[in-house]
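I opened this entry to keep track of what I looked up, in the order I looked it up.

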Amino acid sequence: MTQSPYLAFSLRLDRAALASMLLELAEMDDDGAPAAGMAVSPIDAELLDPVVRMLRLLDRPRDLEILAPLAEREILYRLLTGAQGRMLRQIALSDSRLSCISRAIDWIKHNYRDTMRVEALAEIAGMSGSSFHRHFKAVTSMSPLQFQKQIRLQEARRLLLIQRADAGSIGFAVGYESQSQFSREYSRLFGEPPGRDAARLRELSALDPQRLAQPV
C-alpha cells in the first residue's frame, strides 16, 4: 500500500491566452535564443496559491465557470514572469525558434516508425539544415535521430507491456529493421534486454499495480 500517494496537476497551455498576456507585458525582454523544450523548477508560494485555488474549485462546480479562468490567468502570469518565462514566451509566439522546432517534434512523434531525413525536418521547421540541427539540440538536448530513437524505444516498452509480444515483432513494429540493433539500443536505454525488462515490470506490477506509474 502506498504511504505517500503521488499527486499531480497539469494545465493545458492556451497559446492565444499567452500571446494576449504578452501584449500586456510588452516590457519583457527576450533575446530570441532558443529555450529548452523541457525544464523543471521548484514551485513558489505565488504560483502555488492560484493552483490550489483552482483545484479547490472542483468541489464547488457553481463557482468553477466564473472563477477558474481567473485562476488560470494568474497561473499563466506567474509562469510567464517566473523561471520558465522564456520557454512560455517562445511557445506563444508562432514564429519563435521553439515553435518552429515544435512542428518538427510533432512530425517525429506521429511518424517515428518511418525513415527520417533531417533535411525534410528542417523544411517542416522552415529553417536551414545547420540552424535546425543546432536549435533542435538546444531545445531537446538530443539530435533529431536520438530523439526519434527515444520515441521508438519508449513506445516499444509500452507495447511489450500491453501486448506481451516477442521482442523481434515489437522492434519491427516501432521501425527497427534489425532485431539485434533493437535489443542493443533498448538495453542501453533501459538497462536490460526487452524481454527481461518487460518481465521485470510485469512482476513489479503484479506485486503493486501502482509501481508502473512510477519511474523504474
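**Cores.** I began with the largest nonpolar core, which has 15 residues. Ile101, Phe132 and Phe136 are the members that touch the most others. I then looked up where the core residues come from: helix H5 (97-110), helix H6 (118-125) and helix H7 (129-140) each give at least two. H5 has the largest share, with five residues. The model is a predicted one, and I read everything here on that basis.

I listed the contacts of Phe136, leaving out residues up to four places away in sequence. Phe136 touches Ile101, Ile105 and Ile108, and also Ser141, Met142, Ser143, Pro144 and Phe147. I also found a second, separate core of twelve residues. Leu159, Val174, Tyr176 and Ala198 are among its members.

**Aspartate 197.** Which helix holds this residue? I placed Asp197 in helix H11 (residues 194-207).

**Leucine 58 and the surface.** I found Leu58 in the loop between helix H2 (45-56) and helix H3 (61-80). Leu58 counts as exposed because its relative accessibility is 60%, and the cut-off is over 50%. Leu58 also belongs to a nonpolar surface patch of about 340 Å², together with Phe9, Leu55 and Leu64.

**Whole chain.** I counted eleven helices and zero strands. The chain has 216 residues, and 32% of them count as buried. I also took the contacts between residues at least 6 apart in sequence: 64% of these join residues at least 24 apart.

**Confidence.** I left the pLDDT values for the end. The chain has a mean of 83, and 84% of its residues reach 70 or more. Which helices mark the lowest and highest confidence? Helix H1 (residues 15-24) is lowest, at a mean of 74, and helix H10 (residues 179-190) is highest, at 94. Over residues 212-216 the pLDDT is below 50. Beyond near neighbours in sequence, I noted eight contacts for this stretch in the model.

Note on methods. Residues are numbered from 1 along each chain as its sequence is written. This is a predicted model: local features need pLDDT of at least 70, side-chain atom pairs count only at pLDDT 80 or more; totals for chains, interfaces and linings use all residues. Side-chain values use heavy atoms; hydrogens and water are left out. Patches are made of residues with over 30% relative accessible area and no salt bridge: like charges are joined within 9 Å, nonpolar side chains (Val, Leu, Ile, Met, Phe, Trp, Tyr) within 5 Å. Accessible areas come from the Shrake-Rupley method with a 1.4 Å probe; for residues, only the protein chains shown count as cover. A salt bridge is a side-chain nitrogen of Lys or Arg within 4 Å of a carboxyl oxygen of Asp or Glu. Helices (H or I, at least four residues) and strands (E, at least two) are DSSP runs, numbered from the N terminus. Buried means under 20% relative accessible area, exposed over 50%, partly exposed in between (1.4 Å probe, protein chains only). pLDDT is the predictor's confidence in each residue, from 0 to 100. Contact means heavy atoms within 4.5 Å. A nonpolar core is a set of buried Ala, Val, Leu, Ile, Met, Phe, Trp, Tyr and Cys residues joined through side-chain atoms within 4.5 Å.
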